[in-house]
Amino acid sequence: MRKILPFALILCFCLIHCLNKSEFRFPVDLVLELKHARSKIKIAKDPLPYHWKKNPGRQSGLPLSRKWENTQITFNTNKDIFLNHSLDALFFPPGQEYQFTIPKGRYQFSSLMGLLGEKEFQSSVSGKLKLYSGSEPILVWDFTGTPKEQWQKKTESITLDGDLRLVWESKDSYLFVGEPLLYPSDWSESFSNVKKPKSVILIVIDSARKDFFGAYGFKHSVTPVLDELAKESVFFENPFANGNWTKPSMMSFFHSEYSSNLGLGNSWFSTKPYQRKVYYGKKRDNLAKTFRDAGYFTQTIMNNVFFLDYTTVGLDLGFHNSFQVGMDIVDTEVLTNEAISFVTEKKDIPYFLHFNLNTPHASYSPPQEDMLAVRKIVPDSEFYRFESPVQRYLGEMHYTDREIGRLVNKLKELGTYDETMIIVTGDHGELFSPEHDYSYHFIMQTRFGHGETHYDEEINVPYFIKLPKSLAENLVHNKNKSLFSEDKNSMPNRYPKIKHYSTENQLENNVSDSQFDSPRIEKTQIRISGQSSLLSLAPTILGFLDLRPNHATYQGVDYATCILKSDPCPVETYIYTEGRMSESVRTETYKYIRRYPGFTTVRRTSSGEPHTMAEELYDLKNDPKELHNLSLEKAGETLLQIARVDFRRENFLKRNGIRIWIPPCEEAICHDFLSMNVQGSVYDWEAPETVQIQSGSAKSVLVAKESQKRNGPTGSKKTNESKLQNLDQPEEIILKTVNPELGAYFQFTRNGKTIPVRFGKYGLEYQRSMTNLEDLIVSERQPDGLFQSPLPWVYNDGAFSGSGETEVQKEMGKEVKKILETWGYIHE
């Protein structure tokens, strides 16, 4: 029996941790194992409120009673460049212990560790972290004299006898054990190079317009490294972002779901408490979480606050390590150096690296050497056609490309380039055209920016995937011509098969071919024609690596499936993009742009005449530069109706619906009038043709309905049936809100008389208008008795933010309703 038990533990461990499609054994991730571990002190509240750069880890699955045992903690390790270095950590207050069940064996234990004092201005920190397996300590780290708020690398080989206990002994210091991982000692020897899990680098270039890349047709390549990389990639010919600024775009392609459907919205930088509640309250798959669950080390290196939860701007996606620089201009080189250090240190383990460069985002401040390089590449006759900000943008594109070249060369030098998947994309484009100067300009106060319009120049981005060599070679042998562009003379086909690597950057960096382990290989570019969106990015990457989890929440197209099977790829007929209180739908034939009610006033310049433009419509076949808005012209009426129908039928965004039930009118003529003011702002509405709706602002709506009795059957007595025919028909209106906030103001009159209104799940009646009903208005299902009610009934269906009622809750609700009736709150 004693022999069977250890074997059973190992078997259970492997069933939980080892059954994955990439055929390698997971490292033991102690943060993810916390939910199965025993802790001496359950940490439900933040014990260190003075250090505000932290939040409970959101991806470990801990109950609320233990939520702070896993903490995403950030240290400001370099105040000159605002370097905020965050780690997903085990939290040790004084006296804390964690005990894990781990299969017997020898492991490499690695972690970054940091300390804080119990008090903010505590002069020193100290303590000992002891590791036990069984009753005897196997390792002791003494942190006496350690500087506060600094990360220290700790790596040690340890032998475990079926368990691991970590004990923190300290009187007044708090320890954070970040990214704690146990790699089995024979891990790297358990697979061949061909079967070794493929590391992944997602390179996101902020504000990268597709049309400024040589690979996408720019006449004079200011991005030679990336253009060369594109030649050996799965190349998307016409890709679009699903957000016209960073937050909605990046959240959508990391989750393969629209930002608003995640609960995050699209209007502003901050993430409101109710948005966080919606986001964290539902199952969300994202690239960082999926790769981490599959045993990859996950790292983000960025100038981007949207992946840091404590900022009240970003979210915790579950990265092991988040390296965030907050200083513009100097950040690019710092981030690249960190990425080079990272791929060097982690070259022997599978990793997912999100490498996000803030160039060429404004302020467009490239180094002088890159401006000189651009002047040599672009002839004066063309260079001076660009306005000054665009000239500097070209310099930043060259600078960004040069820095990425340093990372690519390091991968080649390390011998890891061939089997590393590299994805290149942009989170959005940039608005340059003076013809498109129709925007609020409340961010940059200039048209040279983004987030204000939905023209292609703001949302058309680069997107290509360099596959691992072993995977790409199989595709080359089995490629189907349907995956390639048909027009061999078109711009995209300037890159046929090329039998050697470009050596320009190798020579610049004094790196010779002999330093590369990789032989020269034939490059083949697989092209995906037609429009595509970044919603496809996550499922496609995971599809190539066979890592997409069962029952995943990813919504986009998995292009890997069609490519691997040599089948024609799916068509993304409609590409939806979010902006600040605006949205667009793009097809191959038209672009439809819609602004939310109350946000329809735009202007030509920052001091120009304000004018209303609720919709825009462009015929992309005849007007590809989107210069002629058809939405207000008779010639565009038919196409506008088609676009509106397409938009509402596709129902891209999920929204809470404030539902208004208007009962039949028994009088000869009825004039119904409802004024509403909602906290969540107005997004859209659904109403019968008999109802007229007007929105005077972002939060107010006026509803009007006029009706009269129908004539009953001629020459017959008034029976109950004919009486019903004489009555006006009931109507339901659905008012969709931008945000799932619940409060509202209502006033309903019928023929000038104020009528009581029923609210929420119980149908509580009010004789006059009420303000800020809050939770009272919510009903996660259709209230009982709604259709029989002689009074108007208003409720928020909670379709987006709510969580459905159980049968027990429904029965309890009926009982509560009966009690309210006996108390006189409800009148039948």
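## Charges over a ring

A charge is taken to sit over a ring if NZ of Lys or CZ of Arg is within 6 Å of the ring centre and within 35 degrees of the ring normal. In this predicted model, local features need pLDDT of at least 70 and side-chain atom pairs count only at pLDDT 80 or more, while totals for chains, interfaces and linings use all residues. Residues are numbered from 1 along each chain as its sequence is written, and side-chain values use heavy atoms, with hydrogens and water left out.

Under that criterion, the charged end of Arg655 is placed over the ring of Tyr683, 4.1 Å from its centre, and Arg594 also lies over the face of Tyr683, at 5.0 Å from the ring centre.

## Aromatic pairs

Rings of Phe, Tyr and Trp (its six-membered ring) pair if their centres lie within 6.5 Å, and planes under 30 degrees apart count as stacked, over 60 as edge-to-face and the rest as tilted. Phe254 and Phe352 form an edge-to-face pair, at 6.4 Å centre to centre and with 65° between the planes. That pair links distant parts of the chain, 98 residues apart, with Phe254 in helix H4 (residues 246-255) and Phe352 in strand E17 (residues 351-357); helices (H or I, at least four residues) and strands (E, at least two) are DSSP runs, numbered from the N terminus. Both Phe254 and Phe352 are buried, each at a relative accessible area of 0%, where buried means under 20%, exposed over 50% and partly exposed in between (1.4 Å probe, protein chains only).

Ring pairs also join Phe254 and Phe352 with Phe253, Phe291, Tyr296, Phe307 and Phe319 in a cluster.

## Helix H14

Helix H14 (residues 537-545) is mostly covered, with nine of its nine residues buried, among them Leu537, Pro539, Ile541 and Phe544. After H14 comes Asp546, whose phi is positive, near 60°.

## The largest pocket

On a 1 Å grid over the protein atoms alone, a pocket is an open set of points where a 1.4 Å probe fits, with protein on both sides within 12 Å along at least five of seven lines, and lining residues have an atom within 4 Å of a point. The largest pocket holds about 1200 Å³ of space, a volume being the space filled by probe spheres set on grid points that are joined across faces, edges and corners.

Its lining comprises 31 residues, of which Arg209, Asp211, Ser433, Glu457 and Lys625 lie nearest the centre of the pocket.
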